[in-house]
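Please look over the two chains before reading on.

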Amino acid sequence: MDNTIIQLEDVSFSYEHSSVLEHISFRVNKGEFWALIGPNGSGKSTLLKIVLGLLKPSEGQVKLFNTDLDIFKQRERIGFVSQKANSFNSGFPATVLEVVRSGLTRKKGLFKRFTKKDEDRAMYALGIVGMEPFAYQSIGELSGGQQQRVFIARALVSKPDLLIMDEPTVGIDQQNVASFYSMLNTLNREYGIAIVLVTHEIDLVTDLATHVACLNRSMHFHGVQSDYKKLDDVDISKWYGHPVRRVHQQTSEVTE
Amino acid sequence: MIQALLSFEFLQNAFLSGIIIGVIAPLLGLFIVVRRLALIADALSHVALAGIAGSLYLSQQVLFFAALNPVYLGIASAVTGSLLIEKLRGTYRDFEELAIPIILSTGIGLGAIFISLSKGFGSDLIGYLFGSVSAVSRQDLWIVILIAIVVIGFIYFFYNELFALSFDPDYAKVSGIHGRAIQIVFMIITALVIGASMRIVGILLVSSLMTIPVAAAIQLAKSFKGAMLYSILFGETAVIAGLVLAFYLDIAPGGTIVIISIVILLLALAWKTVKDKLNAFDVKGERSYDA
């Protein structure tokens with residue numbers, strides 16, 4: 001059985017005449033946890049948009065679950081959590097349960113109403129991220145970290161095989177970031193959900209992820225975490241375009 | 001009042017229409033407010049003014065229009081305006097709000113031309129601008145009922161999609177919800193509700209019935225369903241009380257309905273303030289007790 005979830009073959013993308021991504025090829029398989037790292041403006045978010053079908057690549061081919069992206073219909077197999085989730089309208093009158101249940105909209109299809117079973121599924125998803133006790137609270141009353149957990153529950157409610165996250169820890173205080181990542185680890189290990197995470201929090205994530213991809217317009221490295229850790233800091237600095245130093249198996253950018 | 005209601009058809013028309021729009025205007029208004037589109041309702045009502053004024057003017061010139069209910073042309077122009085707003089929002093992607101003043105001023109401009117060209121439809125026009133208890137015909141009532149069926153059907157069947165698109169349009173797009181098609185239908189439905197409501201509340205005040213009860217509801221509601229119920233409750237209270245007041249004082253119901261809506265809003269704001277202060281007091285009390 002083929003376990004491929006995302007397959008990119010020689011994908012390039014340019015905005016008007018400026019090249020953003022050049023000849024990207026990589027593959028994400030079932031159960032893998034990928035950390036997609038790279039400096040600002042390296043094309044990480046653009047790559048995610050291409051995978052999500054929001055942008056069309058200038059060249060190359062994208063397949064999801066072995067189906068060409070253009071004809072891929074099973075959107076519910078992919079959960080998405082954006083970095084903008086923190087900037088939603090906090091005055092919106094909705095309970096946590098209503099928000100999570102809305103993640104089933106596409107799966108239910110047109111003209112269908114939510115049932116008790118859908119509510120149970122939403123409660124289950126909230127339980128996974130430890131937010132069940134907040135189900136009937138207004139979403140605007142929660143902290144940034146709690147809201148982001150709710151948005152992960154919304155992404156999980158349709159039982160996706162893949163969770164894509166674009167810098168989900170933006171706006172979460174540092175104390176809660178570690179527990180947030182540990183929850184992602186549980187999702188990956190216990191529930192077998194493949195994760196692709198774009199992040200700047202490279203210290204924690206490269207320890208948790210099973211695979212690391214380093215992008216700066218082109219893919220400079222992609223492979224298992226242990227190979228990433230064997231890389232030379234000089235090479236990584238060259239890819240980043242400025243000095244990067246990894247300390248005690250952790251990676252940190254040197255700001256000058 | 002009850003005696004008059006049972007005796008006069010025009011009063012029955014006004015009250016039945018009022019009860020229906022007291023439900024559909026705030027119901028749709030909730031989606032308009034949470035999507036930050038409140039001013040679009042204003043723009044569309046002014047486009048409806050152009051249609052009404054155009055129809056009244058043409059009724060003086062062409063025999064066919066003399067027999068035509070001006071509400072039809074009002075609704076048709078509001079629907080056209082809603083489609084033009086959508087088109088302009090697409091053209092000015094980075095300045096989407098520009099569509100509102102463009103369409104709003106076009107509506108007022110055309111309305112002003114038709115009003116200036118015509119000679120003496122003062123009292124008719126006042127009725128359309130500020131609403132009327134006496135001018136609602138049985139035909140108007142049937143139009144309102146038909147529009148209410150369309151609106152409630154649309155919200156019932158597309159509730160999940162409308163919620164997802166209102167709460168987080170980007171996520172809805174990624175998850176494959178057909179946002180564009182639903183948005184176009186939503187705009188047309190908004191124009192229809194404005195068309196249905198203008199006979200009672202008046203063109204100039206119709207958007208307030210779609211927004212003020214909602215503004216009060218979101219002060220009190222924790223859930224979206226709760227906000228929906230409060231919006232309808234407040235809208236309905238304002239319409240019924242406003243119509244009764246207008247009947248006894250012999251004035252335009254648009255004004256009384258809006259002012260009662262404002263009173264409800266002020267009460268909701270006061271209730272929220274008191275509740276927040278009491279909560280803060282409780283937290284403080286617990287803290288000092290813990291300490």
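**Notes on the model**

1. Chain A has nine helices and 12 strands (DSSP runs numbered from the N terminus: helices are H or I with at least four residues, strands are E with at least two). The radius of gyration of chain A is 19 Å, close to the 18 Å from the globule rule for 256 residues, so chain A is as compact as a globular protein of that length. The radius is taken over C-alpha atoms, and the rule is 2.2 Å times the number of residues to the power 0.38.

2. This is a predicted model: local features need pLDDT of at least 70, side-chain atom pairs count only at pLDDT 80 or more, and totals for chains, interfaces and linings use all residues. Residues are numbered from 1 along each chain as its sequence is written, while chains are lettered from A and ligands numbered from 1 in the order in which they are written.

3. In chain B, the axes of helix 2 (residues 9–34) and helix 12 (residues 206–220) come within 8 Å and cross at roughly 75°. Axes are lines fitted to C-alpha atoms, for helices over the stretch in contact, and angles run from 0 to 180 degrees between N-to-C directions. That makes helix 2 of chain B roughly perpendicular to helix 12 of chain B (65 to 115 degrees).

4. The contact between the chains takes 21 residues from chain B and 21 residues from chain A (two residues are in contact if their C-beta atoms, placed from the backbone, lie within 7 Å). On the chain B side, the largest share, five residues, comes from helix 9 of chain B.

5. The C-alpha atoms of chain A fill a box of roughly 55 × 40 × 40 Å, taken along the principal axes.

Methods
Angles under 35 degrees count as roughly parallel, over 145 as roughly antiparallel, 65 to 115 as roughly perpendicular and the rest as oblique.
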